[in-house]
Every structure is written in structure tokens, then in C-alpha cells.
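Please find my notes on this model below.

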Amino acid sequence: MKKVLSLALAALLFAGILSGCTNDGESSGGSNSQTVRVAALESAYGAEVWKEIADAFEAANPGVTVDLTVDRNLESVISSQMKVGNYPDVVHLAVGRTDALTETLTKENAIRDLTDMLEMTVPGEDVKVKDKIVPGFLDTLVTNPYSDSKTYLAPMFYGPCGLFYNAGLFKEKGWDVPTTWDEMWALGDTAKAEGISLFTYPTTGYFDAFFYALLNETGGPDFFNRAMQYEEGIWDTAEANQAFEIVAKLATYTEPTTVANANDTNFVKNQQLILDNKALFMPNGTWVVEEMKDAPRADGFEWGFTALPAVTEGGDRYSYTFFEQIWSPKQAKNPELADKFMAYLYSDEAAAIFAKAGAVQPIEGVSDMLEGDNKLFYSIYDSGAKAAMGAFATTDPVEGVSMSDALFKTVDSIVSGDKTVAQWKEAVNKANDALRAALK
């Protein structure tokens with residue numbers, strides 16, 4: 001989808017004052033006009049939001065035209081163009097898609113270093129881009145894929161994960177939401193005396209976001225990244241042992257029917273436990289509200305959302321988040337204007353445009369632009385929680401080996417008592433060794 005020339009420029013062309021303007025902003029008439037070529041994935045947020053962003057950027061930058069391409073199958077559209085040397089200046093396309101175009105270009109070192117962009121002042125504001133982005137979003141293996149302290153993929157729209165609960169029940173009982181795991185265990189004992197379990201989970205698949213946040217709490221971002229790259233012996237460290245022990249203790253506070261329903265068919269029954277006040281907390285993502293919108297619930301039910309408790313008093317608390325990325329190819333014809341456009345995306349003006357479409361930027365104070373439940377969910381990072389991001393590094397397939405099965409799926413067996421923590425760790429170490437070899 002191409003964006004037409006601005007009306008002012010079209011009028012000049014019609015009058016014969018300008019002619020021969022090329023796609024990259026050059027013109028035979030010596031015009032000072034510039035063009036930035038932007039390619040964006042048409043996702044659930046729609047295409048119209050990108051048109052509105054392009055219009056706003058042009059309005060703030062007279063003489064600049066945004067040549068916009070928005071498509072559901074963006075990879076196929078821009079790949080053919082790049083093969084003949086026609087590269088976009090800016091690309092909104094996240095990792096993790098089937099075609100893996102972003103990963104391919106990253107492996108080929110074909111993406112520009114965005115460190116200079118992050119040092120720019122946000123257009124129309126008085127803060128640098130890097131200082132406006134929520135802490136943690138620039139410290140991941142996704143944004144910094146070469147472990148050189150430089151950012152190549154800038155974080156975009158995100159969705160936080162954490163612990164969901166019935167805030168109405170907490171108000172009724174006069175309970176405080178735990179900020180440390182010690183407080184969590186104390187609340188678990190209090191709730192148990194009233195016939196309420198402390199914890200449940202939809203399926204063990206939800207332990208990915210949970211465990212990623214927990215590893216950041218027990219060992220910090222560097223430790224987490226080392227674990228994600230299958231470092232030898234990483235699961236025998238004190239930091240890993242603390243994470244295993246916390247989950248094992250949480251298993252003893254888990255609602256008894258959880259394991260039986262922790263599957264793709266009955267997972268909603270576990271989520272219903274929160275609405276029925278039969279369990280206090282469950283790990284989930286913001287989509288759970290839509291999933292359960294028609295489900296019955298206890299009187300006074302009100303969604304609550306919190307980061308994982310800290311492992312020590314005053315320690316860091318983390319909430320895992322899924323996020324998208326934006327980047328610029330090394331062969332971009334207008335890198336300076338590309339940086340200006342990307343810096344604009346972190347402005348309050350751009351964030352407000354995105355927010356109307358349900359796309360939330362990872363910037364400080366973004367919750368002020370939101371309403372309803374979204375305001376609660378996205379304020380989690382405004383309240384001191386840090387963002388945990390990233391996942392296990394991709395390796396060549398190893399038959400019969402799955403870190404997800406070893407680390408997350410085994411939680412069912414820990415809760416049921418069918419396996420011990422020692423057996424759990426043994427399985428994780430075995431998978432870690434096999435995948436480390438496949439990574440080389």
C-alpha cells in the first residue's frame with residue numbers, strides 16, 4: 001500500500017514547478033523535499049493507524065513525505081523489493097514469525113545499529129528516546145542480538161504478563177497484595193485457613209512468562225540471558241536453585257484440581273477458580289479478560305494485576321512482556337530521516353494515536369493514555385516493576401529434546417508429587433546440554 005504525495009507537493013507538480021521526483025526523495029528540480037520509506041506489518045491494530053502516524057509525521061515535518069507500505073504479508077512484499085536493491089528505510093516486523101525475515105537479516109548483519117537514534121531527543125519533547133523507554137526493554141537478546149551493548153531492534157507494541165487476582169476479594173478481606181515471596185507464603189497460609197488456595201495456572205505453558213520473570217528476580221538480566229543461551233552449569237547455580245525452590249513451594253499452595261484441568265480443553269476451569277474465589281493468583285496475559293468476559297463471577301469481582309513478588313525485601317520485581325520490534329536495514333537510503341521517524345514513534349503524540357487502536361508503546365507514563373482494565377495492566381511498569389523479555393535461543397532441532405517440556409511442563413509433576421525437584425533439575429540440565437551443543 002503506497003502513500004500518495006502530499007497535496008501541497010502534488011499542486012506544485014501540477015503547476016510544473018517540480019518534476020521528476022524519485023522514490024527516495026531526490027528530484028531533478030533541486031527540491032528540498034525528502035521521502036522516508038516505511039514498511040509496517042498490518043496486524044490486529046489495522047492499517048489505518050499507520051496512515052494516521054504518517055500524516056502526523058508529515059504535518060510536523062514540512063517537505064517530508066512518508067512512502068508507506070502496510071501489508072498482512074509484509075515479508076513477501078518487501079523481500080522481492082530488497083532483492084533488487086529497493087530497501088525500506090524503516091521496517092516494523094517482529095521476530096518469531098514463520099518467514100523469520102527479521103531473524104535472517106539479523107544473522108546476516110544487515111540491520112543498522114540504532115544507538116544514535118536512542119540518543120536523539122524525542123521530537124517535540126525534551127527527553128532522549130532511550131530515557132523514555134521503560135527500563136528493561138533495551139536489555140534483551142532480541143533488541144541487542146550481538147551482545148555488544150548496542151541496540152539494533154527497537155522495542156514497539158507490548159503486552160505485559162503477570163499474576164491476575166480478584167481485587168474485590170482483597171478489598172473485602174482487607175488483604176494486601178504481597179510484594180515479597182515471604183509475604184506470599186504468609187498470605188497463602190491465611191487464605192488456606194479460609195478454604196482458598198493461593199495459586200492456580202491455566203496450563204504449564206503459562207510458566208514460560210512466569211519463569212522468565214522469576215529468573216530475572218533471582219539472578220538479574222545478565223543471568224537470565226546466560227540461561228537463555230544454555231550456559232554450561234547454569235541450572236546448578238544458587239540463582240537457579242532459588243527459582244526451582246520458589247516454584248516447588250508454590251506447588252504446595254496450588255489448588256488441588258489444577259493439574260487435572262491444565263490442558264488445552266479444560267484450562268478455562270482453572271481460570272474460573274480466580275473468578276469463583278477458589279484461588280487467589282494465576283499467571284496470565286492481558287487477553288484473559290476477553291477470554292473470561294462472559295464467565296460467571298463472585299459478587300464484587302474486580303480484575304487485579306501485579307508483578308511477581310520480589311525474592312528479598314526491596315528487591316527487583318519483574319513482569320514478563322511480549323513485544324514487537326522496529327528496525328532499519330543497513331542499505332536504507334535515508335538513515336537520518338529513518339532515525340527521526342523512529343524517534344517520533346516514542347513521542348506522546350504518536351503513542352496516543354497508537355493507543356486508540358489498542359497498540360501500546362513501551363514508554364514511561366503510557367498508562368495515562370489508556371482506559372479501563374488496560375490502564376491497570378499497563379501501569380505495572382509505572383509502579384516500579386521491571387520488564388523481563390526474551391526467550392531461549394533458537395537452536396538446530398534435537399530429536400526428543402524440548403526445554404519447554406523439561407522446564408515448564410514438568411511443573412504438573414511437581415504439583416502432583418510425581419516428580420521431585422532433583423528429577424526436575426536433572427531433566428532441565430540434560431536438555432540444556434543437548435541444546436547448547438546444537439547452538440554451536
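**Notes on a helix pair and a strand**

1. In helix α2, V49, W50, E52, I53 and A56 meet E349, A350, I353, F354 and K356 of α15; contact means heavy atoms within 4.5 Å. By class, this contact has seven nonpolar, no polar and three charged residues. Here Ala, Val, Leu, Ile, Met, Phe, Trp, Tyr, Cys and Pro count as nonpolar, Asp, Glu, Lys and Arg as charged, and the others, Gly among them, as polar.

2. The model is predicted: local features need pLDDT of at least 70, side-chain atom pairs count only at pLDDT 80 or more, and totals for chains, interfaces and linings use all residues. Residues are numbered from 1 along each chain as its sequence is written, and side-chain values use heavy atoms, with hydrogens and water left out.

3. How do the two helices pack? Helix α2 (residues 48-60) and helix α15 (residues 348-356) pack at an angle of about 160°, their axes 9 Å apart. That makes α2 roughly antiparallel to α15 (angles over 145 degrees count as such). Axes are lines fitted to C-alpha atoms over the stretch in contact, and angles run from 0 to 180 degrees between N-to-C directions.

4. Strand β6 (residues 279-285) is mostly covered, with seven of its seven residues buried (under 20% relative accessible area, 1.4 Å probe, protein chains only). Helices (H or I, at least four residues) and strands (E, at least two) are DSSP runs, numbered from the N terminus.

5. Strand β4 (residues 154-166) pairs with β6 in the antiparallel sense over four bridges, and C161 stands opposite G285 in β6. Pairing requires at least two DSSP bridges between the strands.

6. Strand β5 (residues 197-199) runs parallel to β6 and is joined to β6 by two bridges. S197 stands opposite A279 in β6.

Definitions and conventions:
Parallel < 35°, antiparallel > 145°, perpendicular 65-115°, else oblique. Buried < 20%, exposed > 50% of the residue type's maximum accessible area, 1.4 Å probe, protein only.
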